[in-house]
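Look at the sequence and the model below. Then try two exercises, each with a worked solution.

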Amino acid sequence: MSAPQKKTAGRSLLVTSAAALSSLALTAPVALAAPSPSPSASPSASPSASPSATPPANMSTVGGSRLGRAGTQVNLASGVPVLPKDITARSWIVTDAESGDVLAAHNAHWRLPPASTMKMLFADTVLPKFARTEKHKVVPSDLAGMGAGSSLVGIKEGETYTVHDLWLGVFLRSGNDAVHVLSAMNQGVAKTVTEMNEHAEELQALDTHVVSPDGYDAPGQVSSAYDLTLFARSGLQKKDFREYCSTVTAKFPGETKKGKKGKTVRKPFEIQNTNRLLSGDYDISQYQGIAGVKNGNTTNAGSTFTGVAERNGRVLLVTVMNPSKEEHNEVYKETAKLFDWGFKAAGKVQPVGELVPPKGAAQSSAQPGDSGEAGGGSGDSAGSGASAKPVASATADGGSRGMGTALAITGGLLVLLAGAAFLVNRRWPLPDLVRRRSSRP
C-alpha cells in the first residue's frame, strides 16, 4: 500500500480506507494477558470510579474490529519480526504516520488517564487561534485552578509573555501554568475544555473525555493510545506544532527584577524538553530520527508518551501508556523498543487497522498538491503552509535551539478520493541534528 520512496517534496501515497484495511487483517490475533497496572496508579481518574487491572471486554472498534479486542493484535507471518517480549505497558500502538496503517497494537482503545499527553489535543485545538507574536500580561485569575503539584514552566503574575513563549512552556516543560494562561486567552478553561471535546469528536477520537485542558488527573478524564495517536497525527500537520514539539532547549523569559544600579532587568533562563527520547538522559540516548511529540506522568496515569520518528523515509508514531515495570525512563525505553520493531516490520507486516481521518476530511474541497496547513487560525500556524525546505538548523524565536521545524509537511490536508481512499501529499524531512545522530544498535 505504500508509495515509492521519494526524497523530493510533494511525496504522495495512496492510503486505503478502513473498509479496505479490515479485509487485510485475516491472521488470528496474538492475545497476551494485560499487564498489571503500576502500583502507583490510582483509579480515581477513570471513566468509572474504579478501573480494573484488565481491559474491558468490549472496546471501540474505530479503525477496525481488531483494535477493539483485548490483548496484542499483530499479523505475524514469515519475515515479520517478533514483537519485543518485555513490553509492560497497559496499552500501546505502533502506526505508520503517513499511511495511517496500524502495524500492531495492545489494548489500543482502552480508556485510561492520559496525563500531559492530553496537551497534544490542547495544542491542536488552541494553537491556531493566536499569532505567535501576540503578547499577554498575566493576571492572577489566569493561574487559578491549577492542580496541586502541577508541572510548571515558571510563569509569573504581572509579567508579559508572547504566545510563542507560552507554547514553548507547554511543549518543553509541560507547564500547566502555560496551559492555563493560554486557556484564559481563549476565554477560559471551561470554553477550552468544550472545544477540546468537540475537536476530539471531529477527529473521531471517541475514547476521549476532557475535564482539564492540561491533562491533570481528574475524575472522568480519559483517552486511549489510539486517540492520543490521532491527536499527534493531526497536530503534526501544523507547522508550529512540529516546531514546538521537536525543540530540545529554549530560552524562557524570567522575572523582572531590579539590578544593582536600580535598572530593571529581565533575564531569561533555559528550559529543556522533558521528552527523554528527544533530549536524552543518563540512562537513555536520544533516539535516532526522533522529532517529538509529548510525554506525561501523573499518579493516576502513570507514565504516558506519544513519539514520532523517521528512519529511511519511513515515519512512525508510537504511543505507550502506563508501563508496569518500575524503572527510570521505562516509558521511553519501551517506546524505543516498539519503534525499533516498527521500523523493521514496516513494509512486511499486514496492518491490523488504521488511523481514521477526521470527519471533516470527507467534506474537504482541497485539491491534491495544496500546500495549506491543516487547521486554520492566525500566525505561523496557519495560512502559511509548510515550508518548501527543511528548517533543520534554524533556531526558534526567543533564543530557542533544537530541532527546528521537524516533519515539515508539504500538503498536510487529507482529501477524500472516490469515497474509498485518501491522497496525502507530504514531505517529512529530517532536521540536520537528527541526521547526525548515530543509529541505535
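This is a predicted model: local features need pLDDT of at least 70, side-chain atom pairs count only at pLDDT 80 or more; totals for chains, interfaces and linings use all residues.

Residues are numbered from 1 along each chain as its sequence is written, and side-chain values use heavy atoms, without hydrogens and water.

**Exercise 1.** Find which strands pair with E13.

Solution. 
- Strands (E, at least two residues) and helices (H or I, at least four) are DSSP runs, numbered from the N terminus.
- Pairing takes at least two DSSP bridges between two strands.
- E3 (residues 89–96) runs antiparallel to E13, with 7 bridges. Here aspartate 96 faces leucine 316.
- E12 (residues 302–311) is also antiparallel to E13, over 8 bridges. Threonine 306 has threonine 319 as its bridge partner.
- The E12–E13 hairpin has 2 residues between the strands, and asparagine 312 takes a positive phi near 50°.

**Exercise 2.** Describe how H3 crosses H7.

Solution. 
- Two packed helices are described by the angle and the distance between their axes.
- The axes of H3 (residues 163–173) and H7 (residues 239–246) come within 8 Å and cross at roughly 55°. Axes are lines fitted to C-alpha atoms over the stretch in contact, with angles from 0 to 180 degrees between N-to-C directions.
- Contact (heavy atoms within 4.5 Å) involves residues including Trp167 of H3 and Tyr244 of H7.
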